Amino acid sequence: MAELLGLGRSPGMRRVRRKSQGWQERILQLADAAYHLGRQEMKELCHITAWGQVWTKVLGVWRFPGCRDRGHIALTAANSHREKAPKEKARQPALHQRRQGPTDEAQMAAAAALARLEQKQPRARGPTSQDSIRNQVRKELEAEATVRGSPVAPGTNEVPGPKEEDSTQLPVSGVYFTCPLTGATLRRDQRDTHIKEAILLHFSTNPVAASIMKIHTFNRDQDKVKLAVDTIAKYLDNIHLHPEEEKYQRIKLHNKVFQERITCLEGTQEFFEAIGFQKMLLPVPDQGAEEEFYVLSEAARAQPQNLVQHREQLLAGEPVRAQLDRQLRVFRPSPLASHFNLPGDFFSLTAEELKREQRLRADAVERLSVLRTKAMREKEEQRDLRKYNYTVLRVRLPDGCLLQGTFYARERLSALYEFIRGALQSDWLPFELLASGGQKLVEDENVALNECGLVPSALLTFSWDAAVVEDIRAAGAELDSSILKPELLEAIEQLS
């Protein structure tokens, strides 16, 4: 067989001999057929044989011109079968069996799969560059704006932001403040700027009061403010006590004490000019040069009582701070009374508040290193509630109506009682407040709202003092059916 195939004693032939006699005979038959038959007959023979891979290899060899030697054809077929042998070995038992056709279930599954593939639409290829992405986004925005009735100007990259919910319709719209100078209602981020503008505008009407407000308000370091105020008061005392001595009527601007304590603060220059001091260049004795001084004018010297009054105003001055707006609201009876949807203003902290919180935590770390009693630990737990700056409190009245207000978390219970009493028609009657869990709140100046657990929100229950109510009824009188003042009931709202 080796001579017939022209393989000799090559290693490839030795491996071929290890194969079964059946496929060797098929190789020889294939070589004879490829040599004696034409190309068309070979194709027909390929369709009726089970050795399709070997036949295909032979047909591939047959395409090359000059390949008419059956030994070459047989060797090529043998090498092809040898390469495929490891994969065909596991499939050889199935080669001798006739392949069964697909079952009915398989045909139905295949038909269903083809139907699904036909229904699927080809996915559009997305944009591949930033310009095309921008164009696509712009088209989508224009289409959406057209539907909403607010067209977007073409050629712009502005993306309209989400539609914000009307905060005025919320039960708690935010934290607001009232300017004590103008009465305007301000947000947290507006209060400082507005107050500074109001103080500057006040210079046109009362420059002395405006300068005092500027000293106490514009300078954050209250220790420096107190030192400057005491120093200025000392200057005015010397003028009042020694009205005839010239040295007390003038102040050297380049004096070290004056520079370190007074000049470095805002508003001090305006105060000296408002009370009658003028800047002048005066010669300095024993130096032969001139320096700048504040010199009290003759008009101010003629009215020393005004200097005393200005001194008292300066010492009694306080920073102008925006007052928290209670945002008093009255709601009808609602099952949502205990539901609070608080905005972020109740949780975010300003820079000053963060510094205060940092100091509190540093103190807490220091206290942890010291042994504490149970009472000390309970007090420390209450201090953890200081992370809230504001709280919203609702008071459920006997008729079911709800009275709502905003408070500082560190305000005393007396502020809450005063707030409720100001809304009652019979404000002289004593009443009681119950927190959640039946905790009775006592009007005490030393207890803060956060120490009672009333942060960041709480629902309280209002009730008249039972003993007083019995006395009134025993006297033959009745309580007013309307608990709140009429003007508040006119603005009653629905809680949503």
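In the predicted model, helix α10 (residues 191–201) packs against helix α11 (residues 207–218) at an angle of about 155 degrees, with the axes 9 Å apart. The two are therefore roughly antiparallel, a term applied to angles over 145 degrees. Axes are lines fitted to C-alpha atoms over the stretch in contact, and angles run from 0 to 180 degrees between N-to-C directions. The contact (heavy atoms within 4.5 Å) is made by I195, K196, I199 and L200 of α10 and by A210, M213, K214, T217 and F218 of α11. Helices (H or I, at least four residues) and strands (E, at least two) are DSSP runs numbered from the N terminus.

Residues are numbered from 1 along each chain as its sequence is written. Local features need pLDDT of at least 70 and side-chain atom pairs count only at pLDDT 80 or more, whereas totals for chains, interfaces and linings use all residues; side-chain values use heavy atoms, without hydrogens and water.

Strands β4 (residues 277–284) and β5 (residues 289–296) pair in the antiparallel sense over 8 bridges, where pairing requires at least two DSSP bridges. M280 has F293 of β5 as its bridge partner. Between the strands of this hairpin lie 4 residues, and D286 takes a positive phi near 65 degrees.

How values were computed. Angles under 35 degrees count as roughly parallel, over 145 as roughly antiparallel, 65 to 115 as roughly perpendicular and the rest as oblique.
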